[in-house]
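Look at the sequence and structure first, then read the points below.

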Amino acid sequence: MPQFDVFTDRPLFGQFPTALRFSVREQSRNRLAALLLVLFVPAWYLLMTSIAGHKALDFKLYATGEMLHVDGKHITLITAGLNSLTMISGFVVFDAVRKALAFDKRLAFAGYRQSTLIGAKMLAIAIVAGTIALYTALALLLYWRPGFTGWATILAGFLAMTLTYGSLGLFLGVLVKNDLEGFFLIIMGGLTDTFLQNPLGNPAANKPVLQYFPSFGPMQFSAGGALGDTVLWRYLGLGLAWAAFFAVVGLAVFHFRTRSRRPTR
């Protein structure tokens, strides 16, 4: 016989699809973010490539110590994609988590397991992040055709970056009190993070200090695969480690803020 929740009379195995549906709906109904994704990303690529031109740049691969001589347009396209991902994914998740937090509290109070709510949140973030990263990587093909292997590594780097800032959006969504604070931290953090990785206009782009920024791993992985024909799995793992860190901290705060105060039966 199926097990039922003691408060809601809903089968326990049926909680997860319901919680997932709510989470995906909240994250996908943001029309401003959808408009930014569809229109802003191609326009941002066009603007950045028109500024960069085809100036030759040096980009350091830290895994091998090799200094790559790359086209400024190509390295700028990668950083432009990463930059747009930070803003859109962080904005989508932050806005959805902020708006749904009170509803999540009611679900927890009604008997929904917190593990179910947390699992649904993370799967919804992964689904939305994958969609955003795929579209951004496809839009890049309008301006540059790096080959399938190079494009695949860029897509993987974009996905790691989207997960990182989606997880950051989750963390800020359950932490900060005002929307303006969260939007400011996401936008300024993403701009600073990705701008420093581009040697065009940033003399410190190849300095060791950049290893401590969230975009370092995805940038190294994407540039290594697309420009250096080197797949640097360690740096993809570094990007995913940042995503896991923000997710764990954010979910810990989410667990605290949605825990039920009802006495255990």
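The lining of the largest cavity divides into three nonpolar, two polar and two charged residues. Here Ala, Val, Leu, Ile, Met, Phe, Trp, Tyr, Cys and Pro count as nonpolar, Asp, Glu, Lys and Arg as charged, and the others, Gly among them, as polar. The model is predicted: local features need pLDDT of at least 70, side-chain atom pairs count only at pLDDT 80 or more, and totals for chains, interfaces and linings use all residues. Residues are numbered from 1 along each chain as its sequence is written, and side-chain values use heavy atoms, with hydrogens and water left out.

**Cavity**

- The lining residues are Ser-23, Glu-26, Gln-27, Ala-96, Val-97, Ala-100 and Lys-121.
- Helices α1 and α3 each supply at least two of the lining residues.
- The largest cavity holds about 30 Å³ of space.
- One cavity of 30 Å³ or more turns up in a search of the whole structure.
- A cavity is a set of points, on a 1 Å grid over the protein atoms alone, where a 1.4 Å probe fits but cannot get out; lining residues have an atom within 4 Å of a point.
- Grid points are joined across faces, edges and corners, and a volume is the space filled by probe spheres set on the points.

**α1 with α3**

- Helices (H or I, at least four residues) are DSSP runs, numbered from the N terminus.
- The axes of α1 (residues 15–28) and α3 (residues 72–109) come within 8 Å and cross at roughly 130°.
- Axes are lines fitted to C-alpha atoms over the stretch in contact, and angles run from 0 to 180 degrees between N-to-C directions.
- α1 and α3 are therefore oblique to each other. Angles under 35 degrees count as roughly parallel, over 145 as roughly antiparallel, 65 to 115 as roughly perpendicular and the rest as oblique.
- From α1, Phe-22, Glu-26 and Gln-27 meet Val-92, Val-93, Ala-96, Lys-99, Ala-100 and Phe-103 of α3. Contact means heavy atoms within 4.5 Å.
- That contact has six nonpolar, one polar and two charged residues.

**α2 with α3**

- α2 (residues 31–52) packs on α3 at about 155°, with the axes 9 Å apart.
- This makes α2 roughly antiparallel to α3.
- The α2 side of the contact includes Leu-36, Phe-40 and Trp-44, and the α3 side includes Leu-77, Met-87 and Phe-91.
- By class, the contact has 16 nonpolar, six polar and one charged residues.

**α3 with α7**

- α3 and α7 (residues 216–227) pack at about 145°, with their axes 11 Å apart.
- His-74, Ile-75, Ile-78, Thr-79 and Leu-82 of α3 meet Pro-218, Met-219, Ser-222, Ala-223 and Leu-227 of α7.
- The α3 and α7 contact has seven nonpolar, three polar and no charged residues.

Conventions:
1 Å grid on protein atoms, 1.4 Å probe; cavity = no way out; pocket = protein on both sides within 12 Å on 5 of 7 lines; lining within 4 Å.
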